Amino acid sequence: MQFSFKPIGTLHTQAANAQIPRHWSVSDVPGFIDIDAQYCAGLDDIAPGDQIVVLFAFHQSPPFSAAKLKQTPPHKSGPRGVFSICSPVRPNPIGLSVLEVLSISDTRIAVKGIDMFDGTPVLDIKPHIKHSKQ
């Protein structure tokens with residue numbers, strides 16, 4: 001089975017790559033997502049203060065090989081399975097971040113919590129819905 005994805009927009013930040021945290025949960029880095037105009041109506045009902053799940057392509061990652069099934073993250077003392085870590089070197093180079101919406105203007109969403117490089121292709125945006133037991 002093959003899948004093909006076309007980005008819906010691009011993430012931008014003024015932060016240098018060396019300043020980007022490795023995970024959104026420890027990031028306060030601001031920036032914005034420019035959404036292609038054809039998808040503008042899809043931004044309706046997203047509001048400042050919301051959290052959004054952003055799916056993106058690790059467009060600068062090296063190609064994956066079987067040797068990368070085990071990797072040692074910088075904050076761990078030994079190798080871990082690729083599916084138990086947040087490495088950008090993956091069989092399918094897809095990333096996920098939860099970002100806070102600061103504002104929306106036309107096709108631009110200002111956000112913070114960025115852990116992506118400037119120019120990252122955005123594949124999809126979903127609402128971040130916290131689980132509640134009722």
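Predicted model: local features only at pLDDT ≥ 70, side-chain atom pairs only at ≥ 80, totals over all residues.

Modeller: Residues are numbered from 1 along each chain as its sequence is written, and side-chain values use heavy atoms, with hydrogens and water left out.

Biologist: How much space lies in the largest pocket?

Modeller: Rolling a probe the size of a water molecule over the atoms shows where empty space is left. A pocket is an open set of points on a 1 Å grid over the protein atoms alone, where a 1.4 Å probe fits, with protein on both sides within 12 Å along at least five of seven lines. Grid points are joined across faces, edges and corners, and the volume is the space filled by probe spheres set on the points. Here the largest pocket holds about 500 Å³.

Biologist: Which residues line the largest pocket nearest its centre?

Modeller: A lining residue has an atom within 4 Å of a point. The largest pocket has 25 of them, with R22, F58, C86, P88 and D115 nearest its centre. The most comes from β6, with 4 residues.

Biologist: How do the residues of that lining divide by class?

Modeller: Ala, Val, Leu, Ile, Met, Phe, Trp, Tyr, Cys and Pro count as nonpolar, Asp, Glu, Lys and Arg as charged, and the others, Gly among them, as polar. The lining of the largest pocket has 13 nonpolar, 9 polar and 3 charged residues.

Biologist: What of the second largest pocket?

Modeller: The second largest pocket has about 250 Å³ of space. It is lined by 14 residues, and R22, P73, P74, H75 and S87 are the closest to its centre. By class, this lining has 5 nonpolar, 6 polar and 3 charged residues.

Biologist: Which residues form the nonpolar patch on the surface?

Modeller: Such a patch joins nonpolar side chains (Val, Leu, Ile, Met, Phe, Trp, Tyr) within 5 Å, from residues with over 30% relative accessible area and no salt bridge. Areas come from the Shrake-Rupley method with a 1.4 Å probe, and only the protein chains shown count as cover. In this model M1, F3, F5 and I94 form the patch, with about 550 Å² of accessible area together. I94 lies in strand β6.

Biologist: Is I85 buried or exposed?

Modeller: Buried means under 20% relative accessible area, exposed over 50%, and partly exposed in between (1.4 Å probe, protein chains only). I85 sits in the loop between β5 (80-81) and β6, and counts as buried because its relative accessible area is 12%. By contrast, I94 is partly exposed, at 38%.

Biologist: How many salt bridges are there?

Modeller: A salt bridge is a side-chain nitrogen of Lys or Arg within 4 Å of a carboxyl oxygen of Asp or Glu. By this rule there are 3. One joins D34 and R108 at 2.9 Å, N to O. That pair links strand β2 (residues 30-35) with strand β7 (residues 108-112), 74 residues apart. Another joins E100 and K112 at 3.9 Å, from strand β6 to strand β7, 12 residues apart. K126 and D124 also meet, at 3.6 Å. K126 is partly exposed, at 40%, as is D124, at 29%.

Methods: Helix = DSSP H or I, 4+ residues; strand = E, 2+ residues; numbered from the N terminus. Patch = residues over 30% accessible without salt bridge, like charges linked within 9 Å, V, L, I, M, F, W, Y side chains within 5 Å.
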